[in-house]
Amino acid sequence: MKVIVVGAGVVGTMHAWHAVERGHEVVHIEREAEARGASLRNFGQIWVSGRAGGEELDTALRARELWEAIGARVPGLGFRAIGSLTPVRNALERAVAEAALARPDAAARGYELLTADEARALNPALRGEFEAALRCERDAAVEPRTAQLALREALLATGKYTFLPNREVRDVVGEHAVRDDRGETHDGDAVVLCTGASLSGLVREVAGEIPVRRVRLQMMQTDPLGEPLTTSVADADSFRYYPAYASGALDALNAGQAQDPTAAAHRMQLLMVQRLDGGLTIGDTHEYEHPFAFDTLEDPYEHLTRVVESFLGRPLPRIRRRWAGVYAQCVDTTRVVHRQKVRDGVWLVTGPGGRGMTCSPAIAETTANELGW
């Protein structure tokens with residue numbers, strides 16, 4: 001079988017990976033020299049802890065298994081099974097963590113409530129003041145800016161994979177074929193369109209208006225911290241954002257502890273992970289209303305800096321870079337992904353939202369299973 005994959009972000013690359021793994025030939029088409037979208041502009045976190053119970057958690061856990069297995073074969077992914085800590089500072093926040101521990105799927109997530117001393121023993125960089133910390137052992141990390149490149153190098157070595165950059169697919173031609181902006185037609189036995197946040201143009205022509213929206217975020221990265229940050233770190237605002245933490249305790253937190261005005265205005269949470277070079281990737285904001293701003297705002301960065309420094313008990317290193325990104329998210333956020341047959345032999349896969357980096361291996365595996373690869 002020959003599979004045509006359009007889009008070289010992490011979702012498209014994982015579709016190419018599964019096709020090659022199953023013995024098929026892949027032609028992978030990317031409109032730029034390499035992917036430049038949300039697949040690179042994220043934390044690189046394999047984030048199990050906050051996922052909704054049921055399909056979303058099952059997908060994340062399966063993806064976590066796949067990331068670890070692929071990472072053992074492709075060291076360039078930088079896979080690390082580091083887990084995460086969410087420090088809590090008062091009784092209201094602690095109650096949300098305790099409610100999470102009471103979930104029937106808490107053990108599958110690797111939840112554990114640590115004392116402050118236990119958390120500092122696990123992650124000595126957390127020298128600030130907090131009462132306890134929720135640990136999620138199943139969380140992990142990869143390097144988002146280089147993961148696709150490492151996967152592509154491994155795919156090229158198989159002899160079953162062809163990468164065609166700087167080609168924008170303009171049309172689906174009949175069944176199982178696409179035409180690019182150079183006028184060349186690429187035929188296969190199956191076509192998978194993994195176009196990320198590009199929801200107009202080709203996607204609108206072949207699929208119409210789909211129940212997927214675009215979301216904008218802001219993030220930043222520091223110079224090396226100078227010491228290991230041995231886990232990912234979140235703050236209690238992540239309780240307000242991720243569905244796994246919904247509970248009466250969360251209702252009490254929302255009623256009794258107002259969110260910081262900047263965090264509320266920009267729908268913020270803290271997530272932080274250390275890169276292999278020692279720098280910290282820190283975010284993020286969520287903007288849903290169109291048209292999106294074309295610039296980045298300083299208030300969210302200042303808020304994140306204050307929160308991080310309060311956990312670390314020290315000043316942040318110099319901010320090396322700031323950026324904005326846009327990802328595609330299903331309007332019904334309980335859906336893991338939008339997977340649609342748009343023509344015989346042609347499938348559109350988009351809309352994983354902030355789950356893309358986490359869930360992409362399992363999303364692609366499901367596509368391969370459903371298409372009978």
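What percentage of the 373 residues in the protein chain is buried? Buried residues make up 57% of them. The structure described here is a predicted model.

**Overall build**

The protein chain contains twelve helices and 19 strands. Along the principal axes, its C-alpha atoms fill a box of roughly 60 × 40 × 40 Å. The radius of gyration of the protein chain is 21 Å, which agrees with the value near 21 Å that a compact globule of 373 residues would have. Of the contacts between residues at least 6 apart in sequence, 75% join residues at least 24 apart.

**Charges and salt bridges**

The protein chain carries 43 positive and 51 negative side chains. The centres of these two sets lie 3 Å apart. Side chains of opposite charge can pair when their charged atoms come close. A search of the whole structure finds 28 salt bridges.

| Salt bridge | N to O distance |
|---|---|
| Asp105 and Arg103 | 2.8 Å |
| Glu227 and Arg127 | 2.8 Å |
| Arg216 and Glu287 | 3.3 Å |

In the pair of Asp105 and Arg103, Asp105 has a relative accessible area of 14% and is therefore buried, since buried means under 20%. Arg103, at 22% relative accessibility, counts as partly exposed.

The salt bridge between Glu227 and Arg127 links distant parts of the chain, with the two residues 100 residues apart. Glu227 lies in the loop between strand S13 (212–222) and strand S14 (232–234). Arg127 lies in the loop between helix H5 (116–122) and strand S6 (132–136). Glu227 is buried, with a relative accessible area of 17%, whereas Arg127 is partly exposed, with a relative accessible area of 47%.

The side chains of Arg216 and Glu287 also meet in a salt bridge. This pair, too, links distant parts of the chain, 71 residues apart. Arg216 belongs to strand S13, while Glu287 sits in the loop between strand S16 (280–283) and helix H11 (298–312). Arg216 has 7% relative accessibility, so it counts as buried.

**Ser238 and Gln269**

Which residues does Ser238 touch, leaving out those up to four places away in sequence? They are Thr86, Tyr245 and Gln269. Ser238 itself is placed in helix H8 (residues 237–241). With 1% relative accessibility, Ser238 counts as buried.

Gln269, one of the residues that Ser238 touches, is found in the loop between helix H10 (261–265) and strand S15 (271–274). Its relative accessibility is 3%, so Gln269 counts as buried. Not counting residues up to four places away in sequence, Gln269 touches Asp235, Asp237, Ser238, Tyr241 and Tyr242, and also Gly283, Asp284, His286 and Leu304. Among these partners, Asp237, Ser238 and Tyr241 fall within the residue range 237–241 of helix H8. Gly283, another partner of Gln269, falls within the range 280–283 of strand S16.

Note on methods: Residues are numbered from 1 along each chain as its sequence is written. This is a predicted model: local features need pLDDT of at least 70, side-chain atom pairs count only at pLDDT 80 or more; totals for chains, interfaces and linings use all residues. Side-chain values use heavy atoms; hydrogens and water are left out. Helices (H or I, at least four residues) and strands (E, at least two) are DSSP runs, numbered from the N terminus. The radius of gyration is taken over C-alpha atoms; the globule rule is 2.2 Å times the number of residues to the power 0.38. Buried means under 20% relative accessible area, exposed over 50%, partly exposed in between (1.4 Å probe, protein chains only). Contact means heavy atoms within 4.5 Å. Lys and Arg count as positive and Asp and Glu as negative; His and the chain ends are not counted. The place of a charge is taken as NZ of Lys, CZ of Arg, CG of Asp or CD of Glu. A salt bridge is a side-chain nitrogen of Lys or Arg within 4 Å of a carboxyl oxygen of Asp or Glu.
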